Amino acid sequence: MIELHHKLKSSPQTFESVYLLLLLFFFIKLASKWGCHEVVHWLINNELENCIGAFYLSKVTGKQLLHHLTYKDYIAMKIPLKEIGNILYQTELLKQEVSDSQSQSHSKFEIETFD
């Protein structure tokens with residue numbers, strides 16, 4: 001562990017890459033606990049800015065996004081039809097990322113460094 005710590009300290013790029021990877025891992029893992037603001041950031045990151053107002057007014061949380069919203073809900077929220085398919089697709093990708101991150105949390109996490 002000390003050797004890994006030394007390698008990371010001597011290589012800022014490796015440290016930054018690992019840090020960003022860990023942030024992404026925990027961000028995705030906590031998606032079901034997102035509040036409305038995190039969901040809005042998710043929309044922005046997935047180029048779904050046209051939907052921000054409807055999601056914000058409906059106070060959509062990560063749990064709702066992942067487990068409860070359906071096509072009919074998006075229609076009721078007045079989401080543009082052309083965006084609904086993209087939202088459903090991006091939500092499925094997010095569900096897969098959450099599932100993958102949960103299964104990885106049970107496995108050994110290894111970091112390989114190159115000198």
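Student: Is Cys36 buried or exposed?
Tutor: This is a predicted model, in which local features need pLDDT of at least 70, side-chain atom pairs count only at pLDDT 80 or more, and totals for chains, interfaces and linings use all residues. Residues are numbered from 1 along each chain as its sequence is written, and side-chain values use heavy atoms, with hydrogens and water left out. Relative accessible area, taken with a 1.4 Å probe and protein chains only, sorts residues into buried (under 20%), exposed (over 50%) and partly exposed in between. Because the relative accessibility of Cys36 is 14%, Cys36 counts as buried.

Student: How many disulfides does the structure hold?
Tutor: Cys51, at 0% relative accessibility, also counts as buried. A disulfide is a pair of cysteine sulfur atoms within 2.5 Å, and the number of disulfides in the structure is zero.

Student: Which loop contains Lys59?
Tutor: Lys59 has a phi near 55°, which is positive although the residue is not a glycine, and its relative accessible area of 59% makes Lys59 exposed. Helices are DSSP runs of H or I with at least four residues, numbered from the N terminus. Lys59 sits in the loop between helix 4 (52–57) and helix 5 (62–67).

Student: What is the phi of Lys78?
Tutor: Lys78 lies in the loop between helix 6 (71–76) and helix 7 (81–104), and at 69% relative accessibility Lys78 counts as exposed. Lys78 is not a glycine, yet its phi is positive, at about 65°.

Definitions and conventions:
Helices (H or I, at least four residues) and strands (E, at least two) are DSSP runs, numbered from the N terminus.
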